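The structure is shown first, and the description follows.

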Amino acid sequence: MVIVHQCWVLTVLIFGIIYPTSCTAYFGLTLSKRLPLDRLTADCKGMRLTNKQRKMCYRDSGMADTLINAIRLSTMECTSQFKNERWNCSITHEHHRLNLLKTALKETSFIYAVSSAGLTHAIAQSCSSGELDRCSCDANSFDMDINKEAWKWGGCGDNLKYSVNFVKEFLKAQKGGEKRYQDYRAKVDSHNTVLGTRVVRKRMQKICKCHGVSGSCTTQTCWRQLSPFHEIGRDLKNKYENAMRVAMDNTANAIDQSLRVRRRERRPPPPVADNNDMVFMDHSPDFCRRGQYSYGTGGRICNKSSNCDSICCGRGYNIRNNIKITACNCRFNWCCDVICSKCTEREEVYSCKS
Ligand SMILES: *[C@@H]1O[C@H](CO)[C@@H](O)[C@H](O)[C@H]1NC(C)=O
Ligand SMILES: *[C@@H]1O[C@H](CO)[C@@H](O)[C@H](O)[C@H]1NC(C)=O
């Protein structure tokens with residue numbers, strides 16, 4: 001097994017996996033510089049890009065908006081997927097995010113994957129919605145003529161091909177670029193980055209529309225469409241839950257280190273991570289108490305019937321009675337008012353003890 005160490009070499013083989021790139025350039029959530037997430041503005045200058053990324057940004061007048069959109073999409077999806085977990089994706093707290101990037105926890109892996117997935121998704125969608133100058137609808141939709149069947153490509157498909165190529169180039173490490181950690185760590189980052197894009201690709205759907213006299217479906221036009229990002233986020237969350245730990249074999253020398261994979265208690269033969277697995281290196285803390293990656297779970301709202309015990313880490317919870325005022329018994333009054341009464345509802349809110 002030969003592992004080539006320079007970041008800019010294209011193909012690397014680790015336990016049978018071909019890595020398209022062995023290192024990544026960083027963007028958005030994976031960047032180890034402070035990002036003013038609440039004040040990100042859509043201009044190529046203010047976004048903390050590498051020189052090459054900035055050039056790619058300037059080439060297209062719609063790109064800055066798309067890049068911001070990608071960061072927003074990834075952040076919102078991470079927050080939503082983890083809202084019922086002890087680690088609630090508090091990456092908008094810069095010190096938590098930056099500390100996560102210094103290690104290679106499962107949570108770090110999720111951030112890498114959701115970032116590249118968000119970027120891939122945002123660009124493919126911007127192409128088909130006409131927000132970018134240099135790409136438009138999926139070209140494959142037009143040149144594949146399958147007349148024999150009762151459908152053909154048409155419509156405006158989301159342009160995954162352009163997007164994947166863009167992301168590959170955009171996240172390709174440069175010589176002399178940001179050097180992060182040891183080489184094997186860079187490979188883990190790269191693996192999870194590629195995984196994000198793969199999941200977007202796997203989730204592409206074929207959408208068809210019928211033509212023909214009054215609803216008869218004699219011909220159909222079909223195009224490829226991205227799945228809603230929430231579905232991609234759910235896939236990535238599943239991969240996070242089944243993520244595999246990879247560890248560097250300390251006995252190997254620097255040139256042909258191989259990565260060993262260990263999963264939980266199961267011992268020989270060690271399972272082998274493949275392209276569809278999320279991989280990580282370091283064990284996560286329990287995230288119960290305030291620490292370098294999270295504020296802990298004290299004060300977190302939980303759901304008594306499902307997750308208070310686990311989120312509160314066995315410390316118990318406080319119960320608060322809330323009175324909720326809602327509109328009820330609404331009726332339509334000719335013309336044109338809606339008249340409602342006010343109803344009060346009692347609501348018990350559970351929050352973890354500190
Ligand atoms: C995560 O939980 C903490 C409380 O532990 C809360 O302050 C914070 O706003 C939550 N973050 C998100 C993104 O929900
Ligand atoms: C609490 O969890 C239960 C079971 O999973 C679910 O049906 C319910 O809607 C949840 N309640 C809230 C307020 O989220």
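## Ligand 2

In this predicted model, the side chain of Asn 303 places an N or O atom 2.4 Å from an oxygen atom of ligand 2. For the side chain of Ser 305, the corresponding distance from an N or O atom to an oxygen atom of ligand 2 is 3.4 Å. Asn 303 and Ser 305, together with Ser 306, surround ligand 2. On its own, ligand 2 has 370 Å² of accessible area, of which the protein covers 22%.

## Ligand 1

Ligand 1 has Thr 79, Asn 88, Gly 296 and Arg 300 around it. By class, this shell comprises three polar residues and one charged residue, with no nonpolar residue.

An N or O atom in the side chain of Asn 88 is 2.4 Å from an oxygen atom of ligand 1. Gly 296 instead contributes a backbone N or O atom, which lies 2.8 Å from an oxygen atom of ligand 1. The protein buries 60% of the 360 Å² that ligand 1 exposes when taken alone.

## Helix α3

Helix α3 spans residues 94-102, and it is largely enclosed by the rest of the structure because seven of its nine residues are buried. A residue counts as buried when its relative accessible area is under 20%.

The buried residues of α3 are Glu 94, His 96, Arg 97, Leu 98, Asn 99, Leu 100 and Leu 101. Among the elements that cover them are α4 (106-128) and α7 (183-202).

Terms used
Residues numbered from 1 in each chain as written. Chains lettered and ligands numbered in written order. Predicted model: local features only at pLDDT ≥ 70, side-chain atom pairs only at ≥ 80, totals over all residues. Heavy atoms only, no water. Buried < 20%, exposed > 50% of the residue type's maximum accessible area, 1.4 Å probe, protein only. Helix = DSSP H or I, 4+ residues; strand = E, 2+ residues; numbered from the N terminus. Contact = heavy atoms within 4.5 Å. Near = heavy atom within 4 Å. Polar contact = N/O pair within 3.5 Å; in protein donor to acceptor, adjacent residues only side chain to side chain. Areas by Shrake-Rupley, 256 points an atom, 1.4 Å probe, with all protein chains shown as cover. Nonpolar A, V, L, I, M, F, W, Y, C, P; charged D, E, K, R; others polar.
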